[in-house]
Amino acid sequence: MRMVDLIQKKREGGELSQNEIEYLIGEFVRGHIPDYQMAAFLMAVYFQHMTEAETFFLTRAMEYSGQVMDLSTIKGIKVDKHSTGGVGDKTTVILAPIVAACGVKVAKLSGRGLGHTGGTIDKLEAIPGFCTSLDFDQWVKQVNEIGIAVAGGNEQLVPADKKIYALRDVTATVEEVSLIASSIMSKKLASGADAFVLDVKVGSGAFMKTLPEARTLAALMVKIAARSGKKACAFLTNMDMPLGKSVGNALEIIECVETLKGEGPRDLTDICLSLAIKMVEYGAAISEQEAKNRVLERFENLDALNKFAEFVRAQGGDTAFIEEPGLLLADVKVLPWFARADGWIGRMETEEIGKAAMVLGAGRETKESVIDPAVGLVLEKKTGDAVKRNEILGYLYYREEKRAEEALEILNRAIDYDTEPVEAPRLILDIVA
Ligand code: URA
């Protein structure tokens, strides 16, 4: 087999066989296919796309390109959750303890943020002492003991994705749907769970800007899981405004605690409960209604908050901030953001809002950037809210004046004031099962 022939076949719209796909992934990971040929192949896929069968074979070849987790020493059905990434998306930190408090084991591997989207690992590391570098045995032991563990991504998992993603990033081929689906699902499948709840974000702060695009991606990922013999469903959720009020690592952790205390923003609470109910339905193998009753009970009686505290302690974190959130924000300065007009908040350019947080130091521009856990934004107004000129829209938590000024400029460009009332967007747009 020759790579040049596979590039040509795909360029002309042909369908690759399982054999051909296994060859190209295997040889690429072994370093026998150069980057320039893989880049050409990715561009051919970008224009010609892949069939469902090709995408499945690509996912499987990537899944088995490195280590595959064996979670058989954890009893019960293991359910994983994945979000395609957004601004203020802190759902894992809230729903993982809810699900664990319901008796469903959560063995989670999470990533760091890049660009305008945040990562769960960065958020958890805003907690003093919290350790995310658990080895496999520690991770499994903690899940067996307390029902929950969250660790940073394992370097041995899906090496094909690491190499291919780096090429996609610099060849303008990230956005192709079969490449996204295989990238996400290969990592999910290699992490060893039995079932998946996927949160596909849609809107100005997401990869998928439109509902039809998001639906296509969601359906493809659910089909890949089904062909792999695993249960999955995908929620399509709104990312035309940040989720919750806070963007920035420590601020988001504080909001997670408020939410687990039952005092969080409505949108964030609703989405976490909806995703948790589906995870418990799958993990406990009970009906949706039973899962709902169990989730609401463990959330309202604060079992989930207590499970969160147990989880933080188990991973070395200091839990004092749960009662005293200000401990996470030491020495940071606060600047109010004022409305420039009367009206209703309309469009929010959510990616730009994520960039404003990044400019303050909450996110990474490059993999090497160092993040400041205490900086970020708290939004007091979002799409649909009425505002008066000079009313407070939110707060910037910052350290350097220059960065705060730049972030403020971005924020002012990122929102529109409408003269007519605006409806708040629907949060859950659809569920693909
Ligand atoms: N997230 C991933 O892991 N891969 C993609 O290709 C896009 C989002």
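Student: Which three strands form an open sheet, and in what order?
Tutor: The order is S10-S8-S12, and the pairing is antiparallel. Keep in mind that this is a predicted model.

Student: Which strands stand at the edges there?
Tutor: Strand S10 (386-387) and strand S12 (415-418). Each has a single partner strand, so one side of each is left without a neighbour in the sheet.

Student: How do strands of a sheet pair, in general?
Tutor: Through backbone hydrogen bonds, and the pairing can be parallel or antiparallel.

Student: How many bridges join S8 to S10?
Tutor: Two, and the strands run antiparallel. S8 covers residues 343-348. Look at glycine 343 in the model: valine 387 in S10 stands opposite.

Student: Which helix lies across S8 and S12?
Tutor: H16 does, running at about 40 degrees to S12.

Student: OK, new topic. What is the strand order in the sheet with four strands?
Tutor: S6-S9-S11-S7, an open sheet with antiparallel pairing. The edges are strand S6 (246-247) and strand S7 (333-338). Each has a single partner strand, so one side of each lacks a neighbour in the sheet.

Student: How is S6 joined to S9?
Tutor: By two bridges, with the strands antiparallel. S9 is residues 376-379. In S9, valine 378 is the bridge partner of serine 246.

Student: Which helix lies across S6, S9 and S11?
Tutor: Helix H15, residues 350-360. H15 runs at about 140 degrees to S9. Helix H16 (residues 401-414) packs on this sheet too, touching S7, S9 and S11. The direction of H16 makes about 25 degrees with that of S7.

Student: Now the ligand. Which residues surround the ligand?
Tutor: Tyr165, Arg168, Ile180, Ser183, Ile184, Lys187 and Phe207. By class, that shell has four nonpolar, one polar and two charged residues.

Student: Which helix gives the largest share of the shell?
Tutor: H9, with four residues. Helix H8 (159-170) and helix H9 (177-190) each supply at least two.

Student: What does arginine 168 do with its side chain there?
Tutor: An N or O atom of that side chain is 2.8 Å from an oxygen atom of the ligand. Serine 183 has a polar side-chain atom 2.6 Å from a ligand nitrogen atom. For lysine 187, a polar side-chain atom lies 2.4 Å from an oxygen atom of the ligand.

Student: And how much of the ligand does the protein bury?
Tutor: 89% of the 230 Å² that the ligand exposes when taken alone.

Student: What does glycine 264 touch?
Tutor: Glu258, Thr259 and Thr269, leaving out residues up to four places away in sequence. The C-alpha atoms of glycine 264 and isoleucine 254 are 9.7 Å apart, and the two residues are 10 residues apart along the chain.

Student: Last one. Where is the place of glycine 14?
Tutor: In the loop between helix H1 (3-11) and helix H2 (18-29). Glycine 14 touches Lys9 and Glu54, again not counting residues up to four places away in sequence.

Student: How far is glycine 14 from glutamine 48 in space?
Tutor: 8.5 Å, C-alpha to C-alpha. In sequence, glycine 14 and glutamine 48 are 34 residues apart.

Technical notes:
Residues numbered from 1 in each chain as written. Predicted model: local features only at pLDDT ≥ 70, side-chain atom pairs only at ≥ 80, totals over all residues. Heavy atoms only, no water. Near = heavy atom within 4 Å. Polar contact = N/O pair within 3.5 Å; in protein donor to acceptor, adjacent residues only side chain to side chain. Areas by Shrake-Rupley, 256 points an atom, 1.4 Å probe, with all protein chains shown as cover. Nonpolar A, V, L, I, M, F, W, Y, C, P; charged D, E, K, R; others polar. Pairing = 2+ DSSP bridges. Contact = heavy atoms within 4.5 Å. Axes fitted to C-alpha atoms, helices over the stretch in contact; angles between N-to-C directions.
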